[in-house]
Amino acid sequence: MITKPKGTYDIYNEDAKYYQYINNVFESVASLYNYEYIRTPIFEDTSLFHRTVGETSDIVSKETYDFKDRGDRSITLRPEGTAGVVRSYIENKMYGEINQPKKLYYSGTMYRYERPQAGRYRELSQFGVEVLGSDSPLIDAEVISLAYRTLETILGDNVTVMINTLGDSESRNNYREALVKYLEPHLNELCSDCQNRFKTNPLRILDCKVDKENPILKNAPKITDYLNEASQKRFDQVLDYLRLLDVDYEVNPSIVRGLDYYNHVVFEFSLNEGVNATSIVGAGGRYNNLVESLGGPSTPAVGFACGIDRLMLILKEKKEIDINPNIDVYIMAVNEEERTKAILLAQDMRWSDIKCDYDTLDKGLKAQFKQADRLNARHLIILNSEDLAKGLITVKDNLTHEEQKIDEAEILDYIISNL
Ligand code: HAM
């Protein structure tokens with residue numbers, strides 16, 4: 001038997017309901033905020049991710065699925081959604097459109113060669129948004145609150161926004177200098193990955209999972225002490241708007257994010273209860289230099305992405321949404337004449353927005369009753385040749401347990417007015 005690749009799983013039955021529920025909530029919230037849908041390819045030219053996510057990031061250095069296609073091109077399965085959206089924005093000259101800023105949302109699978117565990121997969125699904133063309137703290141607050149409201153709808157009152165700023169390049173450079181100076185004498189006490197990060201991207205050390213509890217990192221200088229006036233003011237404005245919008249946040253100076261493209265505001269959505277490796281259900285930030293670094297015009301941008309798989313796990317534990325099957329009508333038929341009537345009736349009902357089903361396994365009446373129960377059918381239509389000859393149809397309302405014979409011509413109206 002061929003089995004699924006390591007780090008992947010099939011979404012079906014109960015999982016499929018959770019998956020669709022999460023996507024539906026997100027899509028309707030994104031549409032209320034006036035965001036447009038975008039779909040970009042699942043594979044892209046390898047260099048796209050090296051130039052965006054960053055050569056030294058964990059994602060690019062250890063986790064991408066890279067391969068040569070049959071035309072000898074270097075291809076990478078997307079590890080995240082932002083790079084593809086930015087590539088598409090530039091390639092399709094969206095910066096020249098009249099409606100600005102460009103507010104886009106997406107949902108789909110991403111691929112990271114990580115060590116699989118609960119809530120961490122090699123094929124993962126994210127939903128997210130990217131706003132291109134606005135540098136306003138208003139948009140930072142909008143993006144954060146859109147994610148927050150989506151998560152609140154899905155998870156209830158269980159999410160806090162952990163927020164920080166990386167400041168502008170002047171603030172960041174000053175901070176990097178102070179951090180390097182502080183860390184240099186302690187290098188031997190850090191993990192081997194951090195010793196490499198010290199050379200390539202010292203800020204990333206603050207994000208280390210291994211050294212998280214190391215007092216050296218806990219006592220390290222904080223970015224918030226190195227912000228210049230403009231960066232501090234910007235950050236304060238974002239926080240003011242978040243308070244105005246009633247978003248629960250906590251400033252956390254150790255959030256630096258694992259991807260290279262961020263500046264100014266960065267944030268993570270963290271669960272208030274059950275904190276573990278998978279309690280970060282989403283993350284994002286501003287990335288004002290990315291469009292230009294990929295050859296587009298200088299364009300400020302901000303976005304977030306949430307992990308759908310993690311949200312599914314949490315929802316499943318809580319079991320708060322109704323995932324039981326239910327249909328409006330189950331139609332029962334045993335002989336050929338009744339069956340022909342059943343498929344015609346089902347067609348009429350389906351085109352009148354009535355959810356219905358009937359037996360296709362040649363089962364007897366008793367088994368059909370059982371199937372109707374399993375599907376939680378609200379009404380049963382029990383066809384029989386004698387009734388049909390008189391133009392009548394037997395209907396049983398499973399809620400009131402009332403059974404009656406109805407004129408065939410009136411059956412649709414009857415069901416519609418009794419749902
Ligand atoms: P990220 O932090 O790499 O950011 O991923 C966002 C979320 O995806 C994480 O918080 C987590 O919930 C989920 N996630 C990541 N890796 C896995 C995995 N292996 N298995 C299951 N879930 C996972 C980004 O991807 C950025 N593109 C976010 C962004 C958008 N920044 C600006 N715009």
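Author: A surface patch is made of residues with over 30% relative accessible area and no salt bridge, where like charges are joined within 9 Å and nonpolar side chains (Val, Leu, Ile, Met, Phe, Trp, Tyr) within 5 Å. Accessible areas come from the Shrake-Rupley method with a 1.4 Å probe, and for residues only the protein chains shown count as cover. The model is predicted: local features need pLDDT of at least 70, side-chain atom pairs count only at pLDDT 80 or more, and totals for chains, interfaces and linings use all residues. Residues are numbered from 1 along each chain as its sequence is written, and side-chain values use heavy atoms, with hydrogens and water left out.

Reader: What makes the nonpolar surface patch?

Author: Val334, Leu365 and Phe369 make this patch, of about 220 Å². Val334 lies in the loop between strand E12 (329-332) and helix H12 (336-350); helices (H or I, at least four residues) and strands (E, at least two) are DSSP runs, numbered from the N terminus.

Reader: Why is Val334 called partly exposed?

Author: Buried means under 20% relative accessible area, exposed over 50%, and partly exposed in between (1.4 Å probe, protein chains only). The relative accessibility of Val334 is 41%, and therefore Val334 counts as partly exposed.

Reader: Which residues gather in the patch of positive charge?

Author: They are Lys363, Lys366, Lys370 and Arg374, on the surface. Lys and Arg count as positive and Asp and Glu as negative, while His and the chain ends are not counted; the place of a charge is taken as NZ of Lys, CZ of Arg, CG of Asp or CD of Glu. Lys363 sits in the loop between strand E13 (356-358) and helix H13 (365-374). With 40% relative accessibility, Lys363 counts as partly exposed.

Reader: What makes the contact of Lys68 and Asp72 a salt bridge?

Author: The term requires a side-chain nitrogen of Lys or Arg within 4 Å of a carboxyl oxygen of Asp or Glu. For Lys68 and Asp72 the N to O distance is 4.0 Å, and the pair is accordingly a salt bridge. Asp72 has a relative accessible area of 57% and is therefore exposed. The structure holds 21 salt bridges.

Reader: Why can Glu142 and Lys103 be said to tie together separate parts of the chain?

Author: Their side chains meet in a salt bridge of 2.9 Å, N to O. Glu142 lies in helix H5 (residues 137-155) and Lys103 in strand E5 (residues 102-111), so the pair ties together parts 39 residues apart in sequence. Both Glu142 and Lys103 are buried.

Reader: Why is Asp246 classed as exposed, and what is stated of its phi?

Author: Its relative accessible area is 59%, so Asp246 is exposed. Phi of Asp246 is near 60°, a positive value in a residue other than glycine. Asp246 is found in the loop between H9 and strand E8 (249-251).
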